[in-house]
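Q: I would like to go through this model with you, starting at the contact between its chains. Please have a look at it first.

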Amino acid sequence: MTPQQIQALALCAWVRRHDSDRPYSTSALSRAYPPALEFTDSASGLLAIMAGGEEPLEILWLRPEYPETIAWAGKPYKDGVDGHVPSPLTPRNSFEVWHEAVKGKAQPWTDAEISAAERLRDGIERIRERQRLNLLQANVIHMSRVNAMGAMASAIAHELNQPLTIIRNYATGLLRMIEGKSEADPEVTNILARISDQSLRAGEIIRHLRRLVSKEAAVMTPTPLHEVVDSACSIALLDAGSAGVTSRIAVASDLKVLADSVQVQQVIMNLVRNALDAMAGLEGSRERRLKITAMRVPDGFVQLTVWDSGNGLAGEIREKLFSTFNSGKKEGLGIGLSICRTIVEAHGGRIWLDEPAHGGTAFSLTLQEAPGA
Amino acid sequence: VTDARLVHVIDDEEEVCQSTAFLMRSAGLECHCWPSGISFLEGADLMSRGCVILDVRMPGQDGYAVQEELDRRGSRLQVIMVSGHADGAESFKATEAGAVGFLDKPYDGESLLKMVERALSL
């Protein structure tokens, strides 16, 4: 690095110590920052803006030393202090403009310059925020795909266990019924035994699949719930469907849960998107409200509720709500809530549909509170 | 004495109830089916002896809530929990809650019958 670069970096670090929300400006840098005495000729004035985030950014404008001229309406020092009486008419002395050069000062920054810098800074912050969200969204979509594979496999496995149980119950029962009878056809007995064996085998495949899924599963760490909710909402509410929706998030900042934040974020995003979808079809006059609340419940759990002011769910949809491949939406796949349930249960919690007294639809889920939170 | 041979099956899926009842009858056991925890708690004689095959995950009251209610009312019914969504910790949780047995769905019918016989003898 050249000496100039080192000086510039040191200056940036010093600028950072100031309030990053507002431009910093001075027309006498070396007074606030003595090391600048070494380069007053190139940088006596400084206007700086800072943007935060993971990659902090400083933009500095420098002004060279400018021998500032103070124009006095006459010589500021009285003639005659040294004793002699001045002549009443000394035009060349009294009206001569007095020049005083001040070392280390630059031309001051105008209000227009400072406010332009401020607008630039706000613009940069907005672009960065947008980029950050886009990146986050892309990550979540990627993670969702990876996770969705596992969660979907697990969700389907769950659903298959019911019919397999039924097949096994019938096969085993039939086998017992005919085995005691002397006229039992050995071929029938044999085939019933095979039906039973094959359903057992299917069950083993499912167990194997679930073990694979749980291997890559959840990294549980104490996670502030409001952070997960905020990031899920900031992504879900980017969608067009959020237009005209008033959202209120009331999650205490001291609530920490044991969670894989990516997975739980996915669950919350899913619930928020469902809520937005539920309100998308409402007539224009109806209010669209989304409310997310959290509270501590017994046995060391935290309950999170996502409520929307939509029309609620019809009875037949409610019953099969969490089943795989069952969707109440036209273009829905019917795996969203099923995956949500798989994830929540892998976290040791539960998820269910509430009956909100004041109408609308509410989903609640529980997660374990992080110890010592 | 016949009371002691009574098996209750509680599962929100009717076909699971029916097939389990069929399996119980094949072993000479009388079986009652209930579609939910509430219907069971309201309709069954909780003070009689017998055994309950209880699904862990049901809408509304889950298996643990039913077990808790049985304890609260001082029921003598022995509980076997079954779950199609179990992970490793579930069987531990079930026995801790007071179940005398736990099985993953799909279970082997003969194992369930053995467990039921043992529960009925308790």
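Q: Which residue forms a salt bridge with B:Arg57, and at what N to O distance?
A: In this predicted model, the side chain of B:Arg57 meets that of A:Glu345 in a salt bridge, at 2.0 Å from N to O. A salt bridge here is a side-chain nitrogen of Lys or Arg within 4 Å of a carboxyl oxygen of Asp or Glu.

Q: How many salt bridges cross the interface of chain A and chain B?
A: The rule finds four across that interface. Another pair is A:Arg350 with B:Asp62, whose closest N and O atoms are 4.0 Å apart. This pair crosses between chains, from the loop between H9 and strand E9 (351-353) of chain A to the loop between strand E3 (51-55) and H3 of chain B. Helices (H or I, at least four residues) and strands (E, at least two) are DSSP runs, numbered from the N terminus.

Q: Is B:Asp62 buried or exposed?
A: B:Asp62 counts as buried because its relative accessibility is 13%. A:Arg350, at 35%, counts as partly exposed. The cut-offs are under 20% relative accessible area for buried, over 50% for exposed, and partly exposed in between (1.4 Å probe, protein chains only).

Q: What about polar contacts between chain A and chain B?
A: Eleven residue pairs, both residues at pLDDT 80 or more, are in polar contact between the two chains. Such a contact is a pair of N or O atoms within 3.5 Å; within protein, one must be able to donate a hydrogen and the other to accept it, and residues adjacent in sequence count only if both atoms are side-chain atoms.

Q: Which helices of chain A supply residues to that side?
A: Helix H4 (111-179), helix H5 (186-215) and helix H9 (336-346) of chain A each supply at least two residues of the side that touches chain B. H4(A) gives the most, with 14 residues.

Q: How much area is buried between chain A and chain B?
A: About 2,200 Å² is buried between them, and carbon and sulfur atoms give 48% of it. Of the area that chain A buries against chain B, A:Gln162, A:Asn169 and A:Arg176 supply 26%, more than any other three residues. Buried area is the accessible area (1.4 Å probe) that two parts lose on being put together, summed over both.

Q: And how many residues does the contact take from each chain?
A: The contact takes 20 residues from chain A and 27 residues from chain B, where contact means heavy atoms within 4.5 Å.

Q: What scores does the model have?
A: The model scores ipTM 0.88 and pTM 0.50. Chain B averages a pLDDT of 89, and 94% of its residues score at least 70; pLDDT is the predictor's confidence in each residue, from 0 to 100.

Q: Which residues are linked in a network of salt bridges?
A: A:Asp21, A:Arg121, A:Asp122 and A:Glu125 are linked in one. In the pair A:Arg121 and A:Asp122, the closest N and O atoms are 3.1 Å apart. A:Arg121 is buried, with a relative accessible area of 8%, and A:Asp122 is partly exposed at 30%.

Q: New topic: where is the cis peptide bond at B:Pro106?
A: The bond joins B:Lys105 and B:Pro106, with omega about -5°. B:Pro106 is in the loop between strand E5 (101-104) and helix H5 (109-121) of chain B. Most residues other than glycine have a negative phi, and most peptide bonds are trans.

Q: What is phi at A:Asp299?
A: Phi of A:Asp299 is near 65°, a positive value in a residue other than glycine. A:Asp299 lies in the loop between E7 and strand E8 (301-308) of chain A and is exposed, with a relative accessible area of 72%.

Methods
Residues are numbered from 1 along each chain as its sequence is written. Chains are lettered from A and ligands numbered from 1 in the order in which they are written. Side-chain values use heavy atoms; hydrogens and water are left out.
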